[in-house]
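Please read the following notes alongside the sequence and the structure.

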There are 2 protein chains.
Amino acid sequence: MESATETTSIDTLFDDLDRASPVPLYFQVSKRLESAIRSGHLAAGAKLENEVSLGERLGISRPTIRRAIQELVDKGLLVRRRGVGTQVVQGPVTRQVEFTSLFDDLRTSHQNPSTRVLTFERVEAPSAFAEHLGVRQGSLVHHIRRVRLASEVPVAILENYLPITAIDLNREALTTSGLYAQLQAKGVTMRVAKQRIGARLATPEETELLSVDVGSPVLTMQRTAYDSAGAAVEYGTHCYRTDYYSFETTLVNR
Amino acid sequence: MESATETTSIDTLFDDLDRASPVPLYFQVSKRLESAIRSGHLAAGAKLENEVSLGERLGISRPTIRRAIQELVDKGLLVRRRGVGTQVVQGPVTRQVEFTSLFDDLRTSHQNPSTRVLTFERVEAPSAFAEHLGVRQGSLVHHIRRVRLASEVPVAILENYLPITAIDLNREALTTSGLYAQLQAKGVTMRVAKQRIGARLATPEETELLSVDVGSPVLTMQRTAYDSAGAAVEYGTHCYRTDYYSFETTLVNR
DNA sequence: AAGTGGTCTAGACCACTTG
DNA sequence: AAGTGGTCTAGACCACTTT
C-alpha cells in the first residue's frame with residue numbers, strides 16, 4: 001500500500017467557495033489547491049481525486065475543475081497522465097518567475113529593499129531604445145537609473161527608458177516602491193515582456209556602485225515590456241550582483 | 001483609418017483543417033495562426049476577427065477557438081482585451097524558451113552543433129545530486145560531462161547526473177544528438193523542469209575547455225527535470241560562454 | 001472492462017470598452 | 001446600445017492506462 005498512489009481528498013479545503021464573488025470559480029479552486037500543495041497538506045507524489053468526481057462533489061462543472069487544475073499544471077505543481085490521474089510533482093516546490101519587479105521580489109522575501117535614484121530625467125530617445133520600442137528616434141522619453149539595495153547591500157543597477165506619453169513619473173515615489181507599482185497605480189498594466197539574460201564583467205563604475213571587486217562578473221537582463229494594447233511601455237537594461245541574485249524559472253512540457 | 005485597428009481575416013488560412021486527424025482542432029488552428037503571425041501575414045498590431053464570428057465561419061465551437069487563441073496569448077504573440085478584441089503584439093516576435101536541449105537549439109538555428117564527451121561513467125550519487133533527486137546517497141547514477149561546440153567553437157560545458165533506473169545511455173549517440181533526444185527515444189518524456197540561472201568567473205579548467213581568457217565570466221544554469229510520473233530523471237549543472245550564449249524568456253501577465 | 005484525462009459541442013449570462 | 005472577451009454549464013465521445 002504505497003501512500004504515493006493513494007487518492008487524496010481534502011474535504012474541508014473547498015468549504016468557502018463563493019459563487020457570488022467576482023473572483024472566478026476556477027481561480028478560487030486553483031488557489032486553494034495551490035496552498036494545500038505549498039503547505040504540504042498535499043504531499044509530493046500524492047494522487048488527486050479525479051476530475052469528474054471532484055466536480056460532482058463540489059457542484060462545479062468539469063470544464064471549470066479542469067481549468068483550475070490546468071493552472072497548476074502550467075505552474076509546474078501538478079502532473080497529469082491520461083488513463084492514470086493527476087499527481088503532485090516530486091521535488092522542491094518553487095515559485096515561478098513572476099511578472100513583478102525586483103522591488104516586490106525582495107519585499108516579499110523580507111529583504112528590506114530600498115532604492116537610490118541616480119538619474120531622473122527626460123532625454124531624446126537614444127537609438128538603442130527607439131529601436132526596441134518603435135518610437136521615433138529623438139522623441140522625448142523618461143530615463144531613470146537606480147541602485148537597488150537589499151538590507152543596505154547594493155544588489156542591482158536598474159536603467160529604464162519609458163515613453164513620456166505612457167506615464168508621468170514621480171521621483172520621490174521611486175524610492176519607496178518599485179517602478180511597476182507606480183505604473184500599475186497609474187493604470188498602466190504590463191501584459192507581455194521579453195527578456196534576455198546574460199553575463200559580463202562589471203564596468204569600473206558598476207564595481208563601485210555595487211561594492212564589488214574589480215574583475216567581478218555581473219548578471220545582465222534586458223527587458224522590453226508591452227501593455228495590454230500591445231504598445232511598448234518600458235525598456236530596461238539591468239545588472240545584478242551574482243552573489244546576491246539569480247533567476248529561477250520553471251519550464252512545462254505540454 | 002488606421003490599419004492597426006482594422007480587423008484582419010485571412011480566408012485561405014484555415015482551408016486544410018482536418019477533423020479526422022489525431023492532431024487536436026485547437027492545435028491546428030493555433031499553429032496556422034502562429035505561422036501567419038511569424039511570417040508577417042498578420043502584422044504587429046493587427047486586430048483579429050472576433051471569436052464568435054471566427055468560430056462560425058470555420059464551423060468550430062467557440063471554446064475550441066478560444067483555446068487556440070489562448071495558446072498564442074500564453075506564448076506572448078497575441079493580446080486580448082475585454083470589450084475590445086484580440087491583437088497581434090507589437091515588437092519583435094521572439095521564440096519562447098522551449099523545453100529543448102542546447103543541441104536542438106543550435107541545430108535549429110543552423111549553428112552546426114557537435115559534442116565532445118569528456119566523462120561517461122557510473123558513480124555513486126554525490127550528496128548534492130542525491131538531494132536534488134530524492135535518490136539515496138550512494139546509489140549508482142550516470143555521470144556525463146560534455147563540451148558542446150557550435151561551428152567548432154566551444155560554447156558550453158554540460159555536466160549531468162541521471163538515475164540508472166531511468167535509462168540506459170549510449171556514449172556514441174551522445175556525440176551525434178542531444179541528451180534529451182536520447183531520453184525521448186527511450187520513451188522518457190520530460191514534463192517539468194526547474195532551473196536557476198546565474199553567473200560566476202570561469203575556473204581555470206573551464207577557461208581552457210571553453211577557450212576563453214583567464215578572468216572571463218560564465219553563465220551558469222542548474223536544472224532538475226521530472227518525467228510524467230513526477231520522478232526526477234535529470235540533474236544538470238551547465239556553464240556557457242557569455243559571448244556566445246544568453247537566455248531568452250517571455251513573460252505573460254494573465 | 002473500468003477508470004482516467006483529452007477534446008469538443010452549443011448554448012448561456014456577465015463585465016468591460018467603445019461609440 | 002452594441003460589440004467584445006471572460007466565465008460557466010451539462011452533456012458527449014474518444015484515447016490511453018491499468019486491472
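1. An N or O atom in the side chain of B:Arg82 is 2.8 Å from a sugar or linking oxygen of DNA strand C. Such a pair counts as a polar contact, that is, N or O atoms within 3.5 Å; within protein, one must be able to donate a hydrogen and the other to accept it, and residues adjacent in sequence count only if both atoms are side-chain atoms. This is a predicted model, in which local features need pLDDT of at least 70 and side-chain atom pairs count only at pLDDT 80 or more, while totals for chains, interfaces and linings use all residues. Residues are numbered from 1 along each chain as its sequence is written, chains are lettered from A and ligands numbered from 1 in the order in which they are written, and side-chain values use heavy atoms, with hydrogens and water left out.

2. Two other arginines of chain B approach DNA strand C. B:Arg19 has a polar side-chain atom 2.4 Å from a phosphate oxygen, and B:Arg62 has one 3.4 Å from a base nitrogen.

3. How many residues surround DNA strand C? There are 24, and A:Arg62, B:Arg19, B:Leu25, B:Ser61 and B:Thr64 are the closest; a residue is near the strand if one of its heavy atoms lies within 4 Å of it. Of the DNA strand C atoms that come within 4 Å of the protein, 68% belong to sugar and phosphate.

4. The surface near DNA strand C draws its largest share, 4 residues, from α3(B). Helices (H or I, at least four residues) and strands (E, at least two) are DSSP runs, numbered from the N terminus.

5. The interface of chain B and chain A holds 2 salt bridges, each a side-chain nitrogen of Lys or Arg within 4 Å of a carboxyl oxygen of Asp or Glu. A:Arg196 and B:Glu248 form a salt bridge at 2.1 Å, N to O.

6. Strand β8 of chain A (residues 190–201) runs antiparallel to β11(B), joined by 6 bridges; strands pair if DSSP finds at least two bridges between them. A:Val192 has B:Val252 as its bridge partner in β11(B).
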